[in-house]
Amino acid sequence: MTAWGKLKSRCTAYPYPTAATALAGVRADSPGFQSLDGVWRFRLAKNPQNVLPDFYKNDFSDADWSDIAVPGNWEMQGFGHPIYTNHEYPFEPMLPPCIPHDDSEDRHRSNPVGQYRKTFTVSDLTNKKRIILHFGGVSSAYFVYVNGVKIGYAQDSCLPAEFDISHYVNEGENLLAVEVYRWSDGSYLENQDHWRLSGIHREVYLSFRSENYLEDFFVKQEFDEKYEDVTLKIEPVFHFRDAEKVKEYTLVAQLYNDKNKPVAGAEGTFALAQIADFYRRGQVNSTNGIMPRPSLNILVKNPKKWSAEVPHLYTLLLELRDAAGKTVEFIPQKVGFRKIDRGASGLKINGKSIKLFGVNRHDHHPVTGKTVDFATMEQDVRLMKQFNLNAVRCAHYPNDPRFYELCDRYGLYVLDEANIETHKLGGSLSMNSAYATAVLERCIEMTERDKNHPSIIGWSLGNEAGSGPAHQAAAAWIKTYDPSRFLHNEGAFVRRDGISIDPPYVDVLSRMYFPLADMEAILKRSDETRPLLYCEYAHSMGNSTGNLAKFARAFRANERFIGGFIWDWADQGLLQTDETGSAYYAYGGDFGEEFTDGAFCLNGIVFPDRTPKPALWECKKVFQPVRIEYANGQLQVTNLHNFIDLKTCKLQVDIFDENEVLRREKFAFPSVPPGESCAFFLAEFPDFPNGKIFLTASVQVKQKNIWAQTGDEIAWEQFTISDRIRRASRTKGGKIKKVKEKKDFYQFKGDMINAVLSKETGFLTLEDPECQQLKTSELKPNFWRAPTDNDLAGGLAAASERWKTAAEEMKLSSVRTGESKNSHIFWCDFNHPETDSDLYLIYEITSRGVKISVDFRIDATLPPVPRVGLTFRIPAEYDQIDFFGKGPHATYADRAEGAKIGRYRIPLADFGTPYIRPQENGNHTEIEFINFKNKAGNGLKISGEGLNVSAHPYTLEELEAATHTKDLPEKSEFITVNIDFAMQGVGGDDTWTENARPHEEYLLPAGRYRGEIFVEFLEI
């Protein structure tokens, strides 16, 4: 049984008494809407055997029960425990349709039951002929009682269930009771990669309707060949009990523009008699083929079109009038005019080829779990728009209807997905007749609920659930009911003779994590013309999302390669507090689960609180809708939008060096339609001083809109226009004043630096003679990094583990000395006997500072080295960082396009990236110099060419040992500074095979690595 007593699924709509209130669309102001959200009474039974059987009766006392917030997950409110799994089912035995039924204390072998009670008041039933109880989503199955009467039962955690309670509601106070089972036979269809949380997690409300009313409607569109004029086809469904009583009813439709003004000529009337007569005894109806549905057709002349770029919405106002011409109700529906085409020419919206730069999004909130408030949904959508994401896949279930309303309004292309995932069981349940009805219902009811949202461009039959007769039936139903959108099911393809073959019922070829070369091979096949899509790619677990620019270039290079959805949006960390009061994000296993996939829930491009990660900035850059090129004083700007003219933007050009902006020019764009270019001629450059000079061209929003403020940047590019390097300052300075040679070390004293070189280690220690508390530890070589999730998953950390201790095992073989005009020179030669690798450190010490040259030679038989550089410590007070290079966020060789070269001043606390499972983080590339200062301005300066720099208030060993951010010291007596001449990339095509590794060009294989830095102390 999948449901009992539940009403037919329908589109999301609310009744209003007047046109004005309907156009305003504030449902809380409608007398037809009453929220039941808030505080309920709650009791958790550990198993079905422990429920209180009379809990639903009016005379039952819940005085000793607890309060609970609805909507909400009971595990997030102190009842029971969350479970995180990906592939495995979270309970056992795993034997469909059986679920845990023993009286067990074990969280994987028990089936907790939440019992809820809520009193509510209904006043004046005169005009409330039909009362509908709405549950937005309940996990996983539940029985409903009103005033002591069992009303119904429902499954599907992420779709609404509605019940007619008209005959059971009293005027005045009423009792609603709900019994929710954590696991049900439907849980086998809900094995998604996320936290397993239970309870009434979406809103609950009452809808009051008249005896006869507009129950449902489907707003379809037919475009002319030029994508100009549109016929709206409104297919209504009415609720009535007596056909004779509604024969004189009429439905009046009027289209309103975005100013709530009627669109001239865009109105029409539909007589209910044609529907009422259909049921009249003796009426002859068609018995062959598909019965055409009655519709109200309205021709709209050249309306403004909807797209993710320009999400223009109209309001269709539907007014139901009774036989006397009196208004029964008004129902508003937002309408976006858009046409979807797909085929050999890719994906098109309103005739324009579209690329989906998308992301997968789970419902997740760090405090409330699967219950996501409207403000957080809107924050998600706004951030996606601000960072040049134009599409979202609802992974892997239908979202709250308000999320789609936001996508309609802000402009995002949506792939809506049925709540079907049978990971671990594959496609077996689609072949199981016992589950056929459930699979079909979940797909149908998703389509029925969400059919009127313009943002939805495709229907997905679920995720990682294979294919079979149930999926084929669902596909046939959807494609017949709504052929306007494409049909998706990644799990449907099979491999034959090494080739992946997709069934005819899917409209797009969809893959997860296939290497780009394999995707390009599919595009070259002569037997396929359907568009190709990544439903998941760029697995963003931990410090990841390398190679993203390669994917974006591949999408743009082939019209059939229509884009993809990054996995995924937000880290699924749950905010917790440890015994010391420290807050941290928990992940799988932190709640004592036996079955868990650990930190695999941390795949987001934003943190749980929606703070952007460096990966999100990479998205913004590589997906930007403008291309900018520069040559010989001329900028050429190409518009990559599909529907936006660049005259809505402005251009700012900054010319700068390491210290300041030398010149700024601002330009207004002429009309630059999509696909076209324009040129800007810059003023002649003066004779700039020595040093590197850069140009940044920034395309900005001209006027604020729903997601951006005036001046917000949507695209940028940087160019080097002068490459003369100021080298003199790195060797300038007189000779060291005082040199002492002791048994174990050399000591040097100069005007601006003191230094000690150990004869035993060959490493240098530095001190500021003016501020003697500023001392460094020995500057030691370092070839290891705390493994990232991808380093571990791809086997790279294990393969390269010998580099973990290689620096400590280096043997100093010789120290040679010499002098030049202004410096003392030391050549320190090292050898690593186990690997036969050689390291040469050369120190040139002057009264101003020290130049350190590094030459590292790796034997050809050795695995890649994670990094090549130097590491040392400085006192903790020097935590004000000032640098010139790529920033402000962290970058790596394969994830560096999203950061600008510039001068940045950042406190140490913000210099790293606090990944929830600590790992290598905070590297900054292309550093020319970096200063570490205290509040007084004293400090240390390191300069070089194209350096990688990171700094942390903890050691590498502490970072590698930590499992959570709370394991790292919040404060320390020192700062660990890492200066690297080479750092391997982060990779992340997936996080479970060798494809997790950085691509070959971003590894550091055997060979020779050289670099130099100049270290000096800052003058105040």
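Let's start at the second largest pocket: 45 residues line it, and Ala 308, Glu 309, Val 310, His 641 and Ile 644 are the ones nearest its centre. Keep in mind while you look around that this is a predicted model.

The volume of that second largest pocket comes to about 1200 Å³.

**Helices side by side**

The crossing of H3 past H4 is right-handed. From the H3 side, the contact uses Phe 374, Met 377, Glu 378, Val 381, Arg 382 and Lys 385, and these meet Arg 402, Phe 403, Leu 406, Cys 407, Arg 409 and Tyr 410 in H4. Sorted by class, the contact of H3 with H4 holds seven nonpolar and five charged residues, with no polar ones.

Next along is the pair made by helix H5 (residues 436-450) and helix H6 (residues 469-481), which pack at an angle of about 25 degrees with their axes 8 Å apart. Because angles under 35 degrees count as roughly parallel, H5 is roughly parallel to H6. H5, too, passes its partner H6 in a right-handed crossing. On one side of this contact sit Ala 436, Val 439, Leu 440, Cys 443, Ile 444, Thr 447 and Glu 448 of H5, and they meet Ala 470, His 471, Ala 473, Ala 474, Trp 477, Ile 478 and Tyr 481 of H6. The class count for the contact of H5 with H6 is 11 nonpolar, two polar and one charged.

Then there's helix H8 (residues 548-557) with helix H9 (residues 614-622): their axes are 10 Å apart and the packing angle is about 30 degrees. That angle makes H8 roughly parallel to H9. How do H8 and H9 cross, left-handed or right-handed? The crossing of H8 and H9 is right-handed. In H8, the residues involved are Leu 548, Ala 549, Ala 552 and Arg 556, which meet Glu 618, Cys 619 and Val 622 in H9. That contact of H8 with H9 has five nonpolar and two charged residues, and no polar ones.

| Helix pair | Axis distance | Angle |
|---|---|---|
| H5 and H6 | 8 Å | about 25 degrees |
| H8 and H9 | 10 Å | about 30 degrees |

Now for the loops. Between strand E5 (83-85) and strand E6 (113-122) runs the loop that holds Pro 97. The peptide bond leading from Pro 96 into Pro 97 is cis, with omega near 0 degrees.

Move on past E6, and the loop between E6 and strand E7 (130-135) is where Asp 124 sits. Asp 124 isn't a glycine, yet its phi is positive, at about 50 degrees.

Which two residues does the other cis peptide bond here join? They are Ala 395 and His 396, and omega is about -10 degrees.

Note on methods
Residues are numbered from 1 along each chain as its sequence is written. This is a predicted model: local features need pLDDT of at least 70, side-chain atom pairs count only at pLDDT 80 or more; totals for chains, interfaces and linings use all residues. Side-chain values use heavy atoms; hydrogens and water are left out. On a 1 Å grid over the protein atoms alone, a cavity is a set of points where a 1.4 Å probe fits but cannot get out, and a pocket is an open set with protein on both sides within 12 Å along at least five of seven lines; lining residues have an atom within 4 Å of a point. Grid points are joined across faces, edges and corners, and a volume is the space filled by probe spheres set on the points. Axes are lines fitted to C-alpha atoms, for helices over the stretch in contact, and angles run from 0 to 180 degrees between N-to-C directions. Helices (H or I, at least four residues) and strands (E, at least two) are DSSP runs, numbered from the N terminus. Angles under 35 degrees count as roughly parallel, over 145 as roughly antiparallel, 65 to 115 as roughly perpendicular and the rest as oblique. A crossing is left-handed if the near helix is turned anticlockwise from the far one by less than a right angle, and right-handed if clockwise. Contact means heavy atoms within 4.5 Å. Ala, Val, Leu, Ile, Met, Phe, Trp, Tyr, Cys and Pro count as nonpolar, Asp, Glu, Lys and Arg as charged, and the others, Gly among them, as polar.
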